[in-house]
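Here is a friendly walk through one part of this model, with the sequence and structure to hand. Let's start with the core and then turn to a ligand.

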Amino acid sequence: MSHGYLSLHGYLSLSGPVGSSGVAAPHYRGSRYFLMALAAMVLGFFLAMSSAWADGGTGVPNAVPPKGEYEGKNVEQPIEFPHNIHVDVNKINCMYCHTYARRSKVAGIPPTSKCMGCHLVIATDKPRIKKLTEYWEKKEPPRWKKVHDVPDFVHFTHEKHLKRFVFDNEGMSVDRVPEVCAFCHGEVKKMTVAHKVKPLNMGFCARCHEANKGPFDCWKCHK
Ligand code: HEC
Ligand code: HEC
Ligand code: HEC
Ligand code: HEC
Ligand code: HEC
């Protein structure tokens with residue numbers, strides 16, 4: 001079993017088994033199983049706390065995506081959008097495109113007009129940019145498909161998480177936002193196509209809420 005440890009300037013700290021170890025079982029069917037799962041979750045949490053820190057002293061989130069059953073397939077998109085070229089090579093901040101993340105539930109996908117701010121002049125000869133320009137000229141937005149999708153009965157909000165781990169996190173610079181996003185989305189900045197690498201199940205959410213005093217009432221995450 002591998003352990004991931006996450007800490008951002010000692011403010012954000014989380015440890016927990018990651019990957020397919022099945023701690024805090026994601027399937028809760030019936031209240032009896034739920035209680036058992038909850039007990040397992042709490043136990044798993046204490047076991048994890050007692051394990052060795054594994055962040056190599058960098059004080060940044062463990063960005064190694066867990067392998068295994070949670071790893072999503074690449075979703076076929078109207079245009080393959082390379083996060084790596086934009087973020088890793090050209091150093092564009094996640095929040096430049098996902099502008100709503102800091103102020104609403106959703107992170108948002110940028111409108112084509114934002115792409116065209118650059119692609120009216122950049123890489124205009126490339127096939128994917130030609131396709132993008134066709135959408136733009138037809139005034140038709142590309143229909144991006146969802147990669148991450150929690151069930152409808154789950155309430156999630158980006159705003160509270162970014163406020164806590166970026167804006168209210170003393171010493172945390174906005175350049176390091178990708179590390180915070182990576183905790184839940186993996187290393188998107190290295191991806192040629194966005195895909196799901198983190199479980200985003202109840203155990204995953206709950207372990208961090210326990211470690212960082214996030215809300216633990218059922219109704220906070222369930223409507
Ligand atoms: C230049 C604009 C741009 C930048 C910068 C950018 N993204 Fe994206 N992102 C997109 C577009 C367009 C999509 C939709 C296509 C796709 O899902 O591949 C997307 C999709 C995503 C998705 C999948 C959404 C879903 O449906 O679940 C995640 C997660 C994501 N981005 C995270 C990030 C993170 C983290 C960063 C910074 C490391 C980042 N993005 C930087 C434009 C951008
Ligand atoms: C701030 C400027 C900027 C913005 C905004 C931007 N891009 Fe880019 N994009 C680039 C640069 C720079 C490259 C690399 C070009 C090169 O390699 O010649 C690139 C490359 C690409 C490529 C790869 C082209 C190829 O085949 O090599 C695609 C596809 C792409 N962008 C799509 C998009 C989409 C879709 C959006 C909007 C969601 C977007 N870009 C927004 C700057 C930008
Ligand atoms: C605490 C976990 C967490 C963090 C941190 C996080 N996300 Fe998300 N993100 C999620 C979950 C869960 C979903 C799926 C939401 C749903 O299905 O309603 C999601 C969905 C998305 C989506 C697609 C739907 C939407 O909201 O527009 C994008 C894009 C995205 N995230 C980008 C980002 C970026 C960029 C960052 C960092 C600035 C980030 N996320 C940080 C958990 C997180
Ligand atoms: C990296 C750690 C971390 C992860 C992972 C995480 N959360 Fe949180 N979450 C927190 C913390 C800390 C808070 C409290 C923020 C604050 O102080 O306002 C919080 C707040 C929330 C809130 C706001 C509740 C309110 O008061 O309105 C919701 C809803 C929530 N989380 C749902 C989720 C869900 C669902 C997931 C999994 C998909 C998740 N979180 C994953 C740390 C995390
Ligand atoms: C921090 C957020 C969070 C909290 C707090 C939380 N849940 Fe969940 N719960 C989730 C997420 C995310 C899922 C979706 C799991 C998935 O997609 O695998 C879920 C799924 C469930 C399911 C459905 C499981 C299934 O197999 O369909 C039940 C039942 C449930 N939760 C009950 C509860 C109860 C009862 C509480 C209070 C003791 C609670 N949850 C507290 C995030 C949370």
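In this predicted model, the largest nonpolar core has 14 residues, and the members that touch the most others are Leu162, Val166, Val177, Val180, Cys181 and Val188. Helix H6 (158–167) and helix H7 (177–185) each give at least two residues to this core. H7 supplies the largest share, with 5 residues. As general background, nonpolar side chains in soluble globular proteins tend to be buried together.

Leu162 is a handy place to look next. Leaving aside residues up to four places away in sequence, Leu162 touches Ala101, Arg102, Phe167 and Val180.

Which residues of H6 are buried? They are His161, Leu162, Phe165 and Val166. These residues lie on the same side of H6, because they cover an arc of only 95 degrees around the axis.

Now for the ligand. Ligand 3 has 22 residues around it, and His98, Val106, Ala107, Cys181 and Cys184 come nearest. Helix H3 (94–97), H6 and H7 are the elements that give two or more residues to this shell. H7 again deserves a look: the largest share of the shell around ligand 3, 6 residues, comes from H7.

The table sorts the shell by class.

| Class in the shell around ligand 3 | Number |
|---|---|
| Nonpolar | 15 residues |
| Polar | 6 residues |
| Charged | 1 residue |

Terms used:
Residues numbered from 1 in each chain as written. Chains lettered and ligands numbered in written order. Predicted model: local features only at pLDDT ≥ 70, side-chain atom pairs only at ≥ 80, totals over all residues. Core = buried A, V, L, I, M, F, W, Y, C linked by C-beta atoms within 7 Å. Buried ≥ 20, exposed ≤ 12 C-beta atoms within 10 Å, placed from the backbone. Helix = DSSP H or I, 4+ residues; strand = E, 2+ residues; numbered from the N terminus. Contact = placed C-beta atoms within 7 Å. Arc of directions from axis to C-beta. Near = placed C-beta within 6 Å. Nonpolar A, V, L, I, M, F, W, Y, C, P; charged D, E, K, R; others polar.
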